[in-house]
Amino acid sequence: MTTDLPVRTGTPAGTRAAARAAAAAAPERPVPTTHLRDEDDLPPAATQRPRALTTTTASDRLVDAGSLLAGLALAWILCFRLLPWGNPLAFALVTFVLYLALVAVTTSATSPGPAVTDRLVRAVVVGGAATVGLALASTVVFTFVRGAPALTHVSMFTQDMAGVGPRDPLSRGGVLHAIAGTLIQIGIAVVVTVPLALGTAVFMTEVGGRFSRVVRTVVEAMTALPSIVAGLFIYTVLIVTLGLPRSGLAAAMALSVMMLPIIARAADVVLRVIPSGLREASLALGASRWRTVWHVVLPTARPGLATALILGIARGIGETSPVLLTSGAAPFLVVNPLDGAMNSLPLFVFSTVRTGEPLLVQRGFAAASILLTLVLALFVITRLLARRRTSR
């Protein structure tokens, strides 16, 4: 009788014991692992996060201040002790160059290359802005300081120069005639120029066509027109050809020629910025083209048009040669633009400063100070009127 016994599979006990003994006797094989470096093993530049270039830390401010002081000290040694450059302009230029070099060196010691470039570019831009601001401030301050002895007298604003000699005291005479002449001339010029300039800008922007390109080219070319050419044009057309006497009206026309391309070009740029969706919405509601321009486009562009007007006034109010050719200087008050020569503030400054008389030079600087104040007042008034209408 045969009995079927179960067949045992696997490794016999003796074989398993031999395998364990062989594994224990064999050398241990290392398990491959990835080596991770600790942050302490990395260089400092690899562990730092990228710095935001738009932020300014206290360390940056200290570097700027230290570099500026060091640049001033080194520039003083170079300009006033070692080299014959002892003048303010050379001192300022050498200081700025040394400041840039010191900022680059000190920043590169603690920051990567992009930060150094950013600091240098920022220093150049800030230095350029500071130079422009310093030049403007010094001009204004110098003008007011030189004209202060004459500005303290009330007669400067209430009297003209009729019967006043070049060596008379500052308590006699004033610039009332020049102030009135400037206001009258620039007022007439604005009344004549603004409708023409706005009409030209609307034609170039809203009407378009091939002829508008010609008009835009002529306007852009006239922005660089010399003031003496505008004065000669009005002198030839109005005074020589038409027989109009030299007067404030002729001077106002010359100023209008100077202001027209400035206002038209600036207004054209402003109108082209207006979104076309506003025009399309107005036309879709049934409005005509001129109603869209008058009630939608121009009110939207009013602040920009005010800026264009300010630019034109600033160009025309300081012109001297067109007034000298078309009107001439008068020492007495004239309020009728058709009644002979009419003085203006720029022309008064020109005629008094060139004489070389100390008292007349002080009157000229006082007139220049009044002209600066007048331009600032017109700028503020124009901006306030444009803002008020916009808010409505």
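**Close-up views of salt bridges and a glycine loop**

**View 1. The Glu-319 and Arg-315 pair in the predicted model.** Arg-315 has a relative accessible area of 25% and is therefore partly exposed. Its partner in a salt bridge is Glu-319, with an N to O distance of 3.1 Å between the side chains. Glu-319, in contrast, is buried, its relative accessible area being 12%.

**View 2. A salt bridge between helices, formed by Arg-119 and Asp-64.** The two side chains meet at 2.4 Å, N to O. Because Arg-119 belongs to helix α5 (residues 113-151) and Asp-64 to helix α3 (residues 58-82), the pair ties together parts that lie 55 residues apart in sequence. Arg-119 is buried at 7% relative accessibility, whereas Asp-64, at 24%, counts as partly exposed.

**View 3. A salt bridge between loops, formed by Glu-357 and Arg-167.** The closest N and O atoms of this pair are 3.6 Å apart. Glu-357 lies in the loop between α15 and α16 (358-391) and Arg-167 in the loop between α6 (155-158) and α7 (176-207), so parts 190 residues apart in sequence are tied together. Glu-357 is partly exposed, with a relative accessible area of 23%, while Arg-167 is exposed, with 68%.

**View 4. A network of salt bridges.** Arg-216, Glu-220, Arg-265, Asp-268 and Arg-272 are linked in this network; the salt bridges counted in the model come to 10.

**View 5. The surroundings of Gly-340.** Gly-340, found in the loop between α14 (321-326) and α15 (345-353), is partly exposed at 27% relative accessibility. Leaving aside residues up to four places away in sequence, Gly-340 touches Arg-246, Ser-247 and Gly-248. The C-alpha atoms of Gly-340 and Gly-328, which are 12 residues apart along the chain, are separated by 8.7 Å.

Conventions. Residues numbered from 1 in each chain as written. Predicted model: local features only at pLDDT ≥ 70, side-chain atom pairs only at ≥ 80, totals over all residues. Heavy atoms only, no water. Helix = DSSP H or I, 4+ residues; strand = E, 2+ residues; numbered from the N terminus. Buried < 20%, exposed > 50% of the residue type's maximum accessible area, 1.4 Å probe, protein only. Contact = heavy atoms within 4.5 Å. Salt bridge = Lys/Arg side-chain N within 4 Å of Asp/Glu carboxyl O.
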